[in-house]
Amino acid sequence: MNTETLEPTLTEVNMNSHSLHIKNIAVIGAGTMGNGICHVFSQNGYNVNMMDVSQDAMNRAIATIAKNMDRQVSKGTLNEDEKLSSLARIKTFTDMAAALKDADLVVEAATENIDLKIKIFKEIDAVAPEKCILATNTSSISITRIASNTKRMDKVIGMHFMNPVPVMKLVEIINGYGTDRATTNTIIDLTLSIGKVPCVVNDYPGFISNRILMPMINEAILSLQEGVAGVEEIDTIMKLGMAHPMGPLQLADFIGLDTCYSIMNVLHMGFGNQKYAPATLLANMVQAGFLGVKSGEGFYVHTPGSKELIVSERFADKKWKM
Ligand SMILES: NC(=O)c1ccc[n+]([C@@H]2O[C@H](COP(=O)([O-])OP(=O)(O)OC[C@H]3O[C@@H](n4cnc5c(N)ncnc54)[C@H](O)[C@@H]3O)[C@@H](O)[C@H]2O)c1
(Lines give C-alpha, C1' and ligand atoms only; values in the text may rest on other atoms or scores of the structure.)
Protein backbone atom coordinates (compact mmCIF):
# COMPACT_ATOMS: atom_id res chain seq x y z
CA MET A 1 0.00 0.00 0.00
CA ASN A 2 1.56 3.27 -1.07
CA THR A 3 -1.09 5.67 0.17
CA GLU A 4 -0.01 8.40 2.53
CA THR A 5 -1.55 11.47 4.10
CA LEU A 6 0.66 14.37 4.99
CA GLU A 7 -0.46 17.26 7.14
CA PRO A 8 1.72 20.27 6.38
CA THR A 9 3.45 21.69 9.40
CA LEU A 10 5.53 24.86 9.43
CA THR A 11 8.67 22.78 9.89
CA GLU A 12 7.86 20.63 6.87
CA VAL A 13 7.13 23.66 4.72
CA ASN A 14 10.38 25.33 5.79
CA MET A 15 12.35 22.13 5.30
CA ASN A 16 10.90 21.82 1.82
CA SER A 17 13.96 20.81 -0.18
CA HIS A 18 12.81 18.85 -3.22
CA SER A 19 10.71 21.60 -4.79
CA LEU A 20 13.39 24.29 -4.51
CA HIS A 21 14.28 23.87 -8.16
CA ILE A 22 10.71 24.75 -9.17
CA LYS A 23 10.34 28.43 -9.99
CA ASN A 24 8.60 28.56 -13.35
CA ILE A 25 5.28 26.78 -13.81
CA ALA A 26 3.28 26.53 -17.03
CA VAL A 27 -0.46 25.84 -16.69
CA ILE A 28 -2.15 24.45 -19.81
CA GLY A 29 -5.88 25.30 -19.97
CA ALA A 30 -7.35 28.45 -18.45
CA GLY A 31 -10.86 27.22 -17.59
CA THR A 32 -12.47 26.68 -14.19
CA MET A 33 -9.52 24.75 -12.78
CA GLY A 34 -6.70 26.42 -14.75
CA ASN A 35 -7.49 29.89 -13.41
CA GLY A 36 -7.56 28.63 -9.81
CA ILE A 37 -4.27 26.75 -10.25
CA CYS A 38 -2.59 29.88 -11.71
CA HIS A 39 -4.03 31.90 -8.80
CA VAL A 40 -2.54 29.73 -6.04
CA PHE A 41 0.87 29.33 -7.68
CA SER A 42 1.31 33.05 -8.43
CA GLN A 43 0.09 34.01 -4.95
CA ASN A 44 2.80 31.77 -3.50
CA GLY A 45 5.62 33.39 -5.48
CA TYR A 46 5.92 31.11 -8.52
CA ASN A 47 6.22 32.55 -12.04
CA VAL A 48 3.22 31.31 -13.99
CA ASN A 49 2.84 30.98 -17.75
CA MET A 50 -0.85 30.45 -18.49
CA MET A 51 -1.45 28.76 -21.86
CA ASP A 52 -4.73 28.17 -23.69
CA VAL A 53 -5.84 27.84 -27.30
CA SER A 54 -8.36 30.58 -26.54
CA GLN A 55 -7.13 34.11 -25.70
CA ASP A 56 -10.71 34.90 -24.58
CA ALA A 57 -10.57 32.08 -22.02
CA MET A 58 -7.30 33.53 -20.68
CA ASN A 59 -8.74 37.05 -20.49
CA ARG A 60 -11.69 35.68 -18.52
CA ALA A 61 -9.30 33.68 -16.29
CA ILE A 62 -7.18 36.76 -15.46
CA ALA A 63 -10.36 38.74 -14.68
CA THR A 64 -11.57 35.93 -12.39
CA ILE A 65 -8.21 35.74 -10.59
CA ALA A 66 -8.19 39.53 -10.08
CA LYS A 67 -11.77 39.44 -8.74
CA ASN A 68 -11.01 36.55 -6.38
CA MET A 69 -7.85 38.30 -5.15
CA ASP A 70 -9.88 41.49 -4.55
CA ARG A 71 -12.13 39.39 -2.32
CA GLN A 72 -9.06 38.18 -0.41
CA VAL A 73 -7.89 41.79 -0.02
CA SER A 74 -11.27 42.83 1.37
CA LYS A 75 -11.09 39.93 3.84
CA GLY A 76 -7.55 40.94 4.86
CA THR A 77 -5.94 37.65 3.79
CA LEU A 78 -3.92 39.38 1.03
CA ASN A 79 -2.71 42.97 0.75
CA GLU A 80 -2.93 45.19 -2.33
CA ASP A 81 0.83 44.96 -3.07
CA GLU A 82 0.76 41.16 -2.85
CA LYS A 83 -2.23 41.12 -5.18
CA LEU A 84 -0.46 43.29 -7.77
CA SER A 85 2.82 41.35 -7.59
CA SER A 86 0.92 38.03 -7.87
CA LEU A 87 -0.96 39.22 -10.95
CA ALA A 88 2.29 40.50 -12.47
CA ARG A 89 3.80 37.01 -12.17
CA ILE A 90 1.17 35.56 -14.55
CA LYS A 91 1.83 35.77 -18.32
CA THR A 92 -0.49 34.46 -21.03
CA PHE A 93 0.48 32.45 -24.14
CA THR A 94 -1.33 30.77 -27.01
CA ASP A 95 1.91 29.17 -28.22
CA MET A 96 2.90 25.99 -26.35
CA ALA A 97 6.67 26.15 -27.08
CA ALA A 98 6.90 29.77 -25.90
CA ALA A 99 4.92 29.00 -22.72
CA LEU A 100 7.12 26.03 -21.83
CA LYS A 101 10.53 27.47 -22.74
CA ASP A 102 11.90 27.71 -19.16
CA ALA A 103 9.31 25.59 -17.36
CA ASP A 104 10.35 23.49 -14.36
CA LEU A 105 6.82 22.10 -14.10
CA VAL A 106 3.80 21.90 -16.40
CA VAL A 107 0.33 21.42 -14.92
CA GLU A 108 -2.14 20.42 -17.61
CA ALA A 109 -5.76 21.42 -16.88
CA ALA A 110 -7.34 21.27 -20.34
CA THR A 111 -10.71 19.74 -21.22
CA GLU A 112 -11.31 16.20 -19.86
CA ASN A 113 -10.91 14.15 -23.05
CA ILE A 114 -8.45 11.29 -23.42
CA ASP A 115 -7.53 11.95 -27.08
CA LEU A 116 -7.00 15.65 -26.38
CA LYS A 117 -4.84 14.97 -23.30
CA ILE A 118 -2.67 12.49 -25.24
CA LYS A 119 -2.20 15.01 -28.07
CA ILE A 120 -1.32 17.77 -25.56
CA PHE A 121 1.16 15.56 -23.67
CA LYS A 122 2.95 14.57 -26.90
CA GLU A 123 3.26 18.28 -27.70
CA ILE A 124 4.41 19.16 -24.17
CA ASP A 125 6.98 16.33 -24.15
CA ALA A 126 8.44 17.55 -27.44
CA VAL A 127 9.05 21.13 -26.28
CA ALA A 128 9.42 21.11 -22.47
CA PRO A 129 12.96 21.23 -21.01
CA GLU A 130 14.34 17.74 -20.26
CA LYS A 131 14.21 18.17 -16.45
CA CYS A 132 10.63 19.49 -16.50
CA ILE A 133 8.00 17.52 -14.55
CA LEU A 134 4.68 16.99 -16.35
CA ALA A 135 1.59 16.95 -14.12
CA THR A 136 -2.06 16.55 -15.09
CA ASN A 137 -5.14 17.72 -13.20
CA THR A 138 -7.32 15.02 -14.80
CA SER A 139 -10.25 13.81 -12.66
CA SER A 140 -10.26 10.29 -14.03
CA ILE A 141 -7.96 9.56 -16.97
CA SER A 142 -5.15 7.05 -16.34
CA ILE A 143 -1.86 8.79 -15.51
CA THR A 144 0.02 5.72 -16.77
CA ARG A 145 -1.76 5.93 -20.13
CA ILE A 146 -0.96 9.64 -20.47
CA ALA A 147 2.67 9.02 -19.40
CA SER A 148 3.11 6.20 -21.92
CA ASN A 149 2.68 8.80 -24.66
CA THR A 150 5.78 10.69 -23.47
CA LYS A 151 9.48 9.81 -23.32
CA ARG A 152 9.65 10.71 -19.60
CA MET A 153 7.27 8.35 -17.79
CA ASP A 154 9.27 8.85 -14.56
CA LYS A 155 8.42 12.58 -14.57
CA VAL A 156 4.67 12.31 -15.27
CA ILE A 157 2.29 12.52 -12.30
CA GLY A 158 -1.29 13.40 -11.37
CA MET A 159 -1.78 16.65 -9.43
CA HIS A 160 -5.54 16.66 -8.82
CA PHE A 161 -6.68 20.00 -7.39
CA MET A 162 -10.22 20.37 -6.08
CA ASN A 163 -12.74 23.03 -7.13
CA PRO A 164 -12.61 25.93 -6.15
CA VAL A 165 -8.82 25.68 -6.10
CA PRO A 166 -8.02 28.77 -3.95
CA VAL A 167 -10.38 27.47 -1.23
CA MET A 168 -9.99 23.68 -1.19
CA LYS A 169 -7.07 22.33 0.86
CA LEU A 170 -6.60 18.94 -0.78
CA VAL A 171 -4.33 17.98 -3.66
CA GLU A 172 -4.67 14.30 -4.59
CA ILE A 173 -1.30 13.25 -5.99
CA ILE A 174 -1.44 10.23 -8.29
CA ASN A 175 1.61 8.11 -9.01
CA GLY A 176 1.54 6.57 -12.47
CA TYR A 177 3.05 3.10 -12.82
CA GLY A 178 6.33 4.63 -14.02
CA THR A 179 6.45 7.77 -11.82
CA ASP A 180 9.69 7.88 -9.81
CA ARG A 181 9.99 8.77 -6.12
CA ALA A 182 11.91 12.01 -6.80
CA THR A 183 9.00 13.33 -8.89
CA THR A 184 6.48 12.42 -6.17
CA ASN A 185 8.62 14.07 -3.46
CA THR A 186 8.93 17.25 -5.50
CA ILE A 187 5.17 17.47 -6.01
CA ILE A 188 4.50 16.74 -2.31
CA ASP A 189 6.84 19.59 -1.32
CA LEU A 190 5.41 21.93 -3.92
CA THR A 191 1.89 21.21 -2.60
CA LEU A 192 3.01 21.98 0.97
CA SER A 193 4.67 25.19 -0.24
CA ILE A 194 1.30 26.53 -1.48
CA GLY A 195 -0.38 25.73 1.84
CA LYS A 196 -2.28 22.67 0.66
CA VAL A 197 -2.44 19.10 1.95
CA PRO A 198 -1.05 16.38 -0.34
CA CYS A 199 -2.46 12.84 -0.34
CA VAL A 200 -0.54 10.34 -2.46
CA VAL A 201 -2.45 7.49 -4.14
CA ASN A 202 -1.84 4.99 -6.92
CA ASP A 203 -3.18 5.01 -10.45
CA TYR A 204 -6.46 3.05 -10.46
CA PRO A 205 -9.70 4.20 -12.12
CA GLY A 206 -11.12 7.26 -10.36
CA PHE A 207 -8.06 7.35 -8.04
CA ILE A 208 -9.56 7.69 -4.53
CA SER A 209 -11.64 10.87 -4.69
CA ASN A 210 -13.85 9.95 -7.62
CA ARG A 211 -13.85 6.21 -6.97
CA ILE A 212 -15.69 6.97 -3.73
CA LEU A 213 -17.56 10.17 -4.58
CA MET A 214 -19.01 9.22 -7.99
CA PRO A 215 -20.63 5.89 -6.99
CA MET A 216 -22.29 7.79 -4.11
CA ILE A 217 -23.68 10.38 -6.54
CA ASN A 218 -24.71 7.61 -8.96
CA GLU A 219 -26.46 5.76 -6.12
CA ALA A 220 -28.37 8.95 -5.24
CA ILE A 221 -29.48 9.22 -8.89
CA LEU A 222 -30.49 5.53 -8.92
CA SER A 223 -32.53 6.09 -5.74
CA LEU A 224 -34.32 8.99 -7.43
CA GLN A 225 -34.81 6.95 -10.62
CA GLU A 226 -36.37 4.09 -8.62
CA GLY A 227 -38.70 6.51 -6.83
CA VAL A 228 -37.31 5.70 -3.38
CA ALA A 229 -37.36 9.41 -2.52
CA GLY A 230 -37.43 12.85 -4.11
CA VAL A 231 -34.54 15.24 -4.83
CA GLU A 232 -35.03 17.25 -1.63
CA GLU A 233 -35.34 14.17 0.59
CA ILE A 234 -32.21 12.53 -0.81
CA ASP A 235 -30.11 15.69 -0.44
CA THR A 236 -31.54 16.53 3.00
CA ILE A 237 -30.81 13.03 4.33
CA MET A 238 -27.18 13.25 3.21
CA LYS A 239 -26.77 16.86 4.46
CA LEU A 240 -28.41 16.57 7.86
CA GLY A 241 -27.86 12.86 8.46
CA MET A 242 -24.28 12.52 7.23
CA ALA A 243 -23.11 16.14 7.77
CA HIS A 244 -22.25 16.60 4.08
CA PRO A 245 -22.05 20.31 3.20
CA MET A 246 -24.32 19.73 0.20
CA GLY A 247 -26.42 16.80 -1.01
CA PRO A 248 -25.14 14.45 -3.75
CA LEU A 249 -27.68 15.66 -6.34
CA GLN A 250 -26.82 19.31 -5.77
CA LEU A 251 -23.13 18.41 -5.95
CA ALA A 252 -23.71 16.55 -9.23
CA ASP A 253 -25.29 19.73 -10.64
CA PHE A 254 -22.19 21.70 -9.59
CA ILE A 255 -19.70 19.21 -11.01
CA GLY A 256 -21.69 18.90 -14.25
CA LEU A 257 -23.74 15.81 -15.10
CA ASP A 258 -21.67 15.21 -18.25
CA THR A 259 -18.52 15.06 -16.10
CA CYS A 260 -20.20 12.68 -13.62
CA TYR A 261 -21.34 10.47 -16.52
CA SER A 262 -17.89 10.39 -18.08
CA ILE A 263 -16.22 9.49 -14.75
CA MET A 264 -18.77 6.69 -14.13
CA ASN A 265 -17.94 5.32 -17.58
CA VAL A 266 -14.21 5.36 -16.72
CA LEU A 267 -14.95 3.39 -13.51
CA HIS A 268 -17.30 1.00 -15.31
CA MET A 269 -14.85 0.25 -18.11
CA GLY A 270 -11.76 0.33 -15.90
CA PHE A 271 -13.03 -2.18 -13.33
CA GLY A 272 -15.36 -4.12 -15.66
CA ASN A 273 -17.84 -4.31 -12.78
CA GLN A 274 -21.56 -3.73 -13.24
CA LYS A 275 -21.76 -1.93 -9.88
CA TYR A 276 -20.21 1.12 -11.58
CA ALA A 277 -22.74 1.27 -14.46
CA PRO A 278 -24.01 4.86 -14.77
CA ALA A 279 -27.68 5.32 -13.87
CA THR A 280 -29.97 5.42 -16.92
CA LEU A 281 -31.48 8.65 -15.60
CA LEU A 282 -27.98 10.21 -15.58
CA ALA A 283 -27.36 9.08 -19.18
CA ASN A 284 -30.76 10.42 -20.29
CA MET A 285 -30.24 13.80 -18.61
CA VAL A 286 -26.80 14.19 -20.23
CA GLN A 287 -28.12 13.24 -23.65
CA ALA A 288 -31.02 15.69 -23.28
CA GLY A 289 -28.62 18.52 -22.26
CA PHE A 290 -29.70 18.84 -18.60
CA LEU A 291 -26.14 19.21 -17.27
CA GLY A 292 -26.67 21.12 -14.01
CA VAL A 293 -25.31 24.60 -13.26
CA LYS A 294 -23.51 24.94 -16.60
CA SER A 295 -26.73 24.45 -18.63
CA GLY A 296 -29.07 26.12 -16.13
CA GLU A 297 -30.95 22.95 -15.12
CA GLY A 298 -30.18 19.53 -13.70
CA PHE A 299 -31.82 18.19 -10.55
CA TYR A 300 -32.29 21.85 -9.61
CA VAL A 301 -32.97 25.00 -11.65
CA HIS A 302 -29.99 27.39 -11.58
CA THR A 303 -30.48 31.08 -12.19
CA PRO A 304 -27.29 33.16 -12.46
CA GLY A 305 -26.82 35.29 -9.32
CA SER A 306 -29.38 33.33 -7.27
CA LYS A 307 -28.41 30.86 -4.55
CA GLU A 308 -31.98 29.66 -3.96
CA LEU A 309 -32.37 25.89 -4.28
CA ILE A 310 -35.32 25.18 -6.57
CA VAL A 311 -35.97 21.55 -7.51
CA SER A 312 -36.51 21.10 -11.25
CA GLU A 313 -40.17 20.80 -12.28
CA ARG A 314 -39.29 17.42 -13.79
CA PHE A 315 -38.75 16.05 -10.27
CA ALA A 316 -41.47 18.01 -8.48
CA ASP A 317 -43.59 14.85 -8.15
CA LYS A 318 -41.86 12.58 -5.65
CA LYS A 319 -43.33 9.48 -7.25
CA TRP A 320 -41.88 10.48 -10.60
CA LYS A 321 -41.82 7.40 -12.90
CA MET A 322 -41.74 4.88 -10.08
N1 LIG B 1 -14.32 21.37 -12.89
C2 LIG B 1 -14.01 20.64 -11.82
O3 LIG B 1 -14.72 20.67 -10.80
C4 LIG B 1 -12.75 19.80 -11.83
C5 LIG B 1 -12.24 19.35 -10.60
C6 LIG B 1 -11.03 18.62 -10.59
C7 LIG B 1 -10.39 18.33 -11.80
N8 LIG B 1 -10.93 18.78 -12.98
C9 LIG B 1 -10.19 18.47 -14.22
O10 LIG B 1 -9.50 19.65 -14.63
C11 LIG B 1 -9.40 19.68 -16.05
C12 LIG B 1 -9.98 20.98 -16.56
O13 LIG B 1 -11.34 21.04 -16.18
P14 LIG B 1 -12.13 22.43 -16.19
O15 LIG B 1 -13.38 22.18 -15.44
O16 LIG B 1 -11.22 23.54 -15.80
O17 LIG B 1 -12.45 22.55 -17.76
P18 LIG B 1 -12.92 23.86 -18.56
O19 LIG B 1 -13.77 23.36 -19.67
O20 LIG B 1 -13.45 24.90 -17.65
O21 LIG B 1 -11.54 24.44 -19.18
C22 LIG B 1 -10.76 23.73 -20.10
C23 LIG B 1 -9.87 24.73 -20.84
O24 LIG B 1 -8.97 23.96 -21.67
C25 LIG B 1 -8.75 24.71 -22.84
N26 LIG B 1 -8.19 23.86 -23.88
C27 LIG B 1 -8.84 22.97 -24.69
N28 LIG B 1 -7.96 22.41 -25.55
C29 LIG B 1 -6.74 22.94 -25.28
C30 LIG B 1 -5.44 22.77 -25.84
N31 LIG B 1 -5.22 21.94 -26.86
N32 LIG B 1 -4.42 23.50 -25.34
C33 LIG B 1 -4.64 24.38 -24.32
N34 LIG B 1 -5.85 24.58 -23.75
C35 LIG B 1 -6.89 23.87 -24.23
C36 LIG B 1 -10.12 25.27 -23.18
O37 LIG B 1 -10.01 26.38 -24.07
C38 LIG B 1 -10.63 25.68 -21.78
O39 LIG B 1 -10.32 27.02 -21.48
C40 LIG B 1 -10.10 18.43 -16.55
O41 LIG B 1 -9.15 17.41 -16.76
C42 LIG B 1 -11.05 18.09 -15.41
O43 LIG B 1 -11.38 16.72 -15.35
C44 LIG B 1 -12.08 19.50 -13.02
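First, the ground rules. The model is predicted, so local features need pLDDT of at least 70 and side-chain atom pairs count only at pLDDT 80 or more, while totals for chains, interfaces and linings use all residues. Residues are numbered from 1 along each chain as its sequence is written.

The chain is divided into domain 1 (4-202) and domain 2 (210-310), with bounds from an automatic or database domain assignment. Taken over C-alpha atoms, the centres of the two domains are 28 Å apart.

Now the cores. A nonpolar core here is a set of buried Ala, Val, Leu, Ile, Met, Phe, Trp, Tyr and Cys residues joined through C-beta atoms within 7 Å. Buried means 20 or more other C-beta atoms within 10 Å of the residue's own, exposed means 12 or fewer, and partly exposed is in between; C-beta atoms are placed from the backbone. The largest core has 55 residues, and Ile 25, Val 27, Ile 37 and Val 106 touch the most other members. Helix α2 (residues 32-43) gives the largest share of this core, five residues. Helices are DSSP runs (H or I, at least four residues), as are strands (E, at least two), numbered from the N terminus.

What does Val 27 touch, leaving aside neighbours within four places in sequence? Its contacts include Gly 34, Ile 37, Met 50 and Val 107, where contact means C-beta atoms, placed from the backbone, within 7 Å.

Next, a helix pair. The axes of α9 (residues 209-225) and α13 (residues 280-288) come within 8 Å and cross at roughly 95°. Therefore α9 is roughly perpendicular to α13. Axes are lines fitted to C-alpha atoms, for helices over the stretch in contact, with angles from 0 to 180 degrees between N-to-C directions; under 35 degrees counts as roughly parallel, over 145 as roughly antiparallel, 65 to 115 as roughly perpendicular and the rest as oblique. Asn 218, Ile 221, Leu 224 and Gln 225 of α9 make the contact with Thr 280, Leu 281 and Leu 282 of α13.

Last, helix α11 (residues 248-255). Seven of its eight residues are buried, including Leu 249, Leu 251 and Ile 255. The buried residues of α11 pack against α9, α10 (231-242), α12 (257-271) and β10 (300-301). Just after α11, Gly 256 has a positive phi of about 105°.

Methods. Two residues are in contact if their C-beta atoms, placed from the backbone, lie within 7 Å.
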